[in-house]
Amino acid sequence: MNSYTLNIADIIYSVKTFEKNLILKPEIGYDNFIIDNNNAKVDIIVNIKIGRPKIEEYKLIFDVPDTIEGKKLWTISGNGKDYFLHTTFQNENKEEVFAFFDDNFNKWEIFINVDKNQTAEIDPFTYPLGPIIMLYATLVNNGIMIHSSGVKHNNKSYVFSGFSGIGKTTISEIFKNEGAERINDDRLIIREINSKYIVYNTPMFYSDIKKQMTLDKIFLLAQAKENSYSKLKGALAISRFSAFCMQHNFHDKLIKNQLSFVIKMHINVPIGVLGFKPDKEIVEFIDKL
Amino acid sequence: MSNTFTKKTECVIKEVGNEFILVPITDNIAEMNTMYNLNEMGAFIWNLIDGKISNQEIAEKIIEEYDIDIETAKKDVDNFTEKISALLKKI
């Protein structure tokens, strides 16, 4: 395949290559997000090329201290006009990648540093590049990405977020056992569509169908001996919630978009701290709020 | 002698009701979740810091705007610049 179209959170990505020896092969998690591209209005263009571009005029502007096998997981460099993300795909072949974008964050030119004479199979959305493209695309399309789980129960939809290990998966599992539909328990996108806040799942490493729901409440989880709820307001609600959003604050546009979105959302969707005891009583407790 | 500070990093500031949120533009993922909640006075002080005006002069501007005495204003400015010292450089 040399082109395909993705719909992730109702954001349309056109993914294409004109390289003869490059075959685009999306990972299994993306299968259910591929759509027919006949009538779709494209939001994000992703073009893939083979080669190693010239990068001498760029300076490092965003650093990620994490390394894998002695290499930085990813970095961003800029030249005052545009940027490139340098990474190594976290897959078997560990291809080196240079992904160029500009201040609009809606057009990507991705160079894969592989032998031009050999046929290569590539998924340009391989970690870490895929989630980063999705993050920036979401932030410029009236949305945010957040580490969280989401469930729909009795026609109400809830998002649970919090620090790693606090119980996002546990609480969504409890809800699922009580008959709720689980959207995802790791990474969600929330967008404002026609004055409603819609929660979407995103492609994972496993296959899952596309899901979405209209958001009613957001809970920031805290472990507690008794179930409790405390609604947050104003700047405290914004900052506590934002701590769990995915964000790379190297560019003022991304920060402004994210803050504006959360400020508007918190007026329409209550954000509160949920102390919860990990048993099924929490389902009734939340349903009664 | 009163301190004078300049901003070490560019920030985005957004108003939420009568509070403000300050987010620094960062060059490092380790600091990507850094965010400061400011009250109206904090935002007033932040907007004045420019590398030229001293804390003493900021305090004098505060008493023109707010109903507080100069000693309290000076203390407020010093406390604020200490709280956000990661974003400031002393001149």
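## Stop one: the cysteines

Select A:Cys245 first: this residue is buried, with a relative accessible area of 2%. Here buried means under 20% relative accessible area, exposed means over 50%, and partly exposed is in between, using a 1.4 Å probe and protein chains only. Before you go on, know that this is a predicted model, where local features need pLDDT of at least 70 and side-chain atom pairs count only at pLDDT 80 or more, while totals for chains, interfaces and linings use all residues. Residues are numbered from 1 along each chain as its sequence is written, chains are lettered from A and ligands numbered from 1 in the order in which they are written, and side-chain values use heavy atoms, with hydrogens and water left out.

How many disulfides does the structure hold over all chains? The count is 0, where a disulfide is a pair of cysteine sulfur atoms within 2.5 Å. B:Cys11 counts as partly exposed, at 22% relative accessibility.

## Stop two: pairs of rings

A search of the whole structure turns up 29 aromatic pairs over all chains. Rings of Phe, Tyr and Trp (its six-membered ring) pair if their centres lie within 6.5 Å; planes under 30 degrees apart count as stacked, over 60 as edge-to-face, and the rest as tilted.

Pick A:Phe100 and A:Phe111, an edge-to-face pair with 5.7 Å centre to centre and 80° between the planes. A:Phe100 lies in strand E11 (residues 96-102) of chain A and A:Phe111 in strand E12 (residues 107-113), so the pair ties together parts 11 residues apart in sequence. Strands (E, at least two residues) and helices (H or I, at least four) are DSSP runs, numbered from the N terminus. A:Phe100 is buried at 11%, and A:Phe111 is buried at 15%.

Next, show A:Phe101 and A:Phe250, also edge-to-face: 6.5 Å centre to centre, 70° between the planes. A:Phe101 is in strand E11, while A:Phe250 is in the loop between helix H3 (234-242) and helix H4 (252-268) of chain A, 149 residues apart. A:Phe101 is buried at 2%, and A:Phe250 is buried at 8%.

## Last stop: a charge over a ring

Hop over to B:Lys7, whose charged end sits over the ring of B:Trp46, 4.4 Å from its centre. That label needs NZ of Lys or CZ of Arg within 6 Å of the ring centre and within 35 degrees of the ring normal.
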